[in-house]
Amino acid sequence: MTDECITRINGVFNGNGAGNRSSIIDDSVDAKGCTPESVVVGGATAASTPLLSANKFVARMPVERYASEYNMNHKHRGLALIFNHEHFDIPSLKSRTGTNVDAQELKKAFDTLGFAVSVYKDCKLRDILKNVEKAAEQDHTDNDCLAVAILSHGEHGYLYAKDTQYKLDNIWHYFTASFCPSLAGKPKMFFIQACQGDRLDGGITLEKCVTETDGESSMSYKIPIHADFLFSYSTIPGYFSWRNVDKGSWYMQSLIRELNTNGKKYDMLTLLTFVNQRVALDFESNVSGTPMMDRQKQIPCLTSMLTRILRFGDKPSGNKAG
């Protein structure tokens, strides 16, 4: 099933608060240049992608080799792209009522953090790719990072454009270090509001068990081209993602609230942990007419290839590029 579950305004407890190998090859052999027959990009095999020399790409070092935090003191914060999908050409896909609230509020949150935000509405796949490619071709030397949000239908590893389905790696591979060297070593964040399947999470009730003891470097170095990505999904693989027709999706409501409240206080992984907490504790479906859909829960998940702490701070005055 591709549709996110939709809940009524009075039906949500809204809180505040590279290729395949037939045999095992050890690291020493692999490090000497074992060449697969095809190149794997973001989980998808791209047999037509030419193999490239391991030493071909050189990019500017944005921070010292063992720095604990990303350099967030460039001249600009960076680009934020929001792909908002409400209506579809595919007959089986319903309109995503409430998604415009998500897009509007997320834009405001990104604006507050200093991003240059572009919102794209109901794009066909070719237009998504065109806009993504255009962004990847820009010079990001003076930017801290990149953020991309996709609000759409989804199912089992696929997202939907207005006209067809696609895999997320069709988007994010444009921003790998080999395609976009000016973002090499810089964080690239993806926020995905979409179903990943048709399973439901009924949750479990926790009760407190009280016992007597209870109380109240300057040298050059090489990095993987897929490093420094962060993927935050509204739900776990195989499960529904819930959306309120008036207030927007549970995940986006929680992400936006966390960015607005603590966006410059906590690092990104901590922020997303509290996003998980908000969704897990503050929301529950109320679909009394359909018992199977009633009193359901949801938990977001993330995949991190970040190599440093990512923290948004205030831009210091007199910033210099670089």
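## The largest cavity

By class, six nonpolar, three polar and three charged residues line the largest cavity of this predicted model, where Ala, Val, Leu, Ile, Met, Phe, Trp, Tyr, Cys and Pro count as nonpolar, Asp, Glu, Lys and Arg as charged, and the others, Gly among them, as polar. Among the lining residues are Arg199, Asp201, Tyr239, Trp242 and Lys297. A cavity is a set of points, on a 1 Å grid over the protein atoms alone, where a 1.4 Å probe fits but cannot get out, and lining residues have an atom within 4 Å of a point.

## The open sheet

Six strands form an open sheet with mixed pairing, in the order 5-4-6-10-11-14; strands are DSSP runs (E, at least two residues) numbered from the N terminus, and two of them pair if DSSP finds at least two bridges between them. Strand 5 (116–121) and strand 14 (301–304) each have a single partner strand and stand at the edges, so one side of each is left without a neighbour in the sheet.

Further in, strand 6 (residues 143–151) and strand 10 (residues 188–193) run parallel and are joined by six bridges, and Ile150 has Ile192 in strand 10 as its bridge partner.

## Confidence and conventions

The chain has a mean pLDDT of 83, with 77% of its residues at 70 or more; pLDDT is the predictor's confidence in each residue, from 0 to 100.

Residues are numbered from 1 along each chain as its sequence is written, and side-chain values use heavy atoms, with hydrogens and water left out. Because the model is predicted, local features need pLDDT of at least 70 and side-chain atom pairs count only at pLDDT 80 or more, while totals for chains, interfaces and linings use all residues.

Note on methods. Helices (H or I, at least four residues) and strands (E, at least two) are DSSP runs, numbered from the N terminus. On a 1 Å grid over the protein atoms alone, a cavity is a set of points where a 1.4 Å probe fits but cannot get out, and a pocket is an open set with protein on both sides within 12 Å along at least five of seven lines; lining residues have an atom within 4 Å of a point.
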